[in-house]
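Visitor: Please walk me through this model. I want to know what stands behind each label.

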Amino acid sequence: MIVSFLTEQGGVGKTSLVFNLGWYLATQGKKVLLVDLDPQGGNLSRLLGVSDLDERPGVVDIIREPDKYNFTNTVIKVNDYLSFVPANEYAREIPDVYKSKGEDEKCLKTMLDKVKRKYDFIFIDTSPAPSDAHILSLVASDSLIIPLLPDVKSIDATQNVIDTYEAVKQAYNKKLEILGLVYNFYDNRPNISRVVQEALAVSYNKKKIRFTETKIPRNVSLTNAWAVKTGVTESYPRSKGAQSYIELSKELFGI
Ligand SMILES: Nc1ncnc2c1ncn2[C@@H]1O[C@H](COP(=O)(O)OP(=O)(O)O)[C@@H](O)[C@H]1O
Ligand SMILES: [Mg+2]
């Protein structure tokens, strides 16, 4: 299963979800590949312990030089179950490279499909800035997870992703599904967050786009897990953050 983690807002938890869900599923014996498409500082890549990012080939190199690079020889193994393809700042060239080579929107899909059967899950982390890389990612994916915050900024960000999702679904990928909208940094108390949630629930229930029951609370264990570069379910297994990730994995994947 290939899943894009996407929204047009930074700091909402795309990378956290990819990292912590991927890590957890790998500890449950699933083969997981994380693909970093975010040029911004290569967050996920650093989180997984890569320091020489500028020398490492990533997805942009696979698109640019497919005779030399592919989703097999660019993979970095974290352990027997978890692997990833890193990104550095050159990932921002993905839209230009695929266009200048005359590739179509299916180029990432074609490349990922070659390795898909080796993995139970392939998770794609994306940048918040709207980009054709989002299109490539959605065309390549079976489904989409949209993280959001219970605040007003998330209303537009979420709607923009859903517009992109609908366009991609119609033009290229009929089977693309939204697995869920996932609240992160969740706190039900402030009035504003209830107002936002109600507004979003009304507009998306009509479209049968669902919010996950599981909401990820604001929890320091999730910040600390980054510092120790280990998924929260392993580094702080008894924390609220870890428990919410286990619930989310059960809800989304049955694992
Ligand atoms: N639920 C949470 N509680 C506390 N800190 C969090 C939580 N989710 C994410 N973070 C932290 O917030 C920051 C931004 O999250 P990140 O996953 O990088 O967002 P994005 O990828 O959408 O930009 C990171 O430092 C991360 O560790
Ligand atoms: Mg990120």
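Visitor: What does Val 35 touch?

Guide: Leaving out residues up to four places away in sequence, Val 35 touches Val 59, Phe 84, Val 85, Ile 122, Ile 124 and Asp 125. Contact means C-beta atoms, placed from the backbone, within 7 Å. This is a predicted model: local features need pLDDT of at least 70, side-chain atom pairs count only at pLDDT 80 or more, and totals for chains, interfaces and linings use all residues. Residues are numbered from 1 along each chain as its sequence is written, while chains are lettered from A and ligands numbered from 1 in the order in which they are written.

Visitor: What makes a residue of α7 buried?

Guide: Buried takes 20 or more other C-beta atoms within 10 Å of its own; exposed takes 12 or fewer; partly exposed lies in between, with C-beta atoms placed from the backbone. Ser 154, Ala 157, Thr 158, Val 161, Tyr 165 and Val 168 of α7 are buried. Seen down the axis of α7, they fall within an arc of 95° (taken from the directions from the helix axis to the C-beta atoms), so they line one face. The face turned away carries exposed residues, including Asp 156 and Asp 163.

Visitor: Which residues come nearest to ligand 1?

Guide: Gly 13, Lys 14, Thr 15, Ser 16 and Leu 222 do, out of 16 around ligand 1. A residue counts as near if its C-beta atom, placed from the backbone, lies within 6 Å. α1 and α9 each supply at least two shell residues. Helices are DSSP runs (H or I, at least four residues), numbered from the N terminus.

Definitions and conventions:
Contact = placed C-beta atoms within 7 Å.
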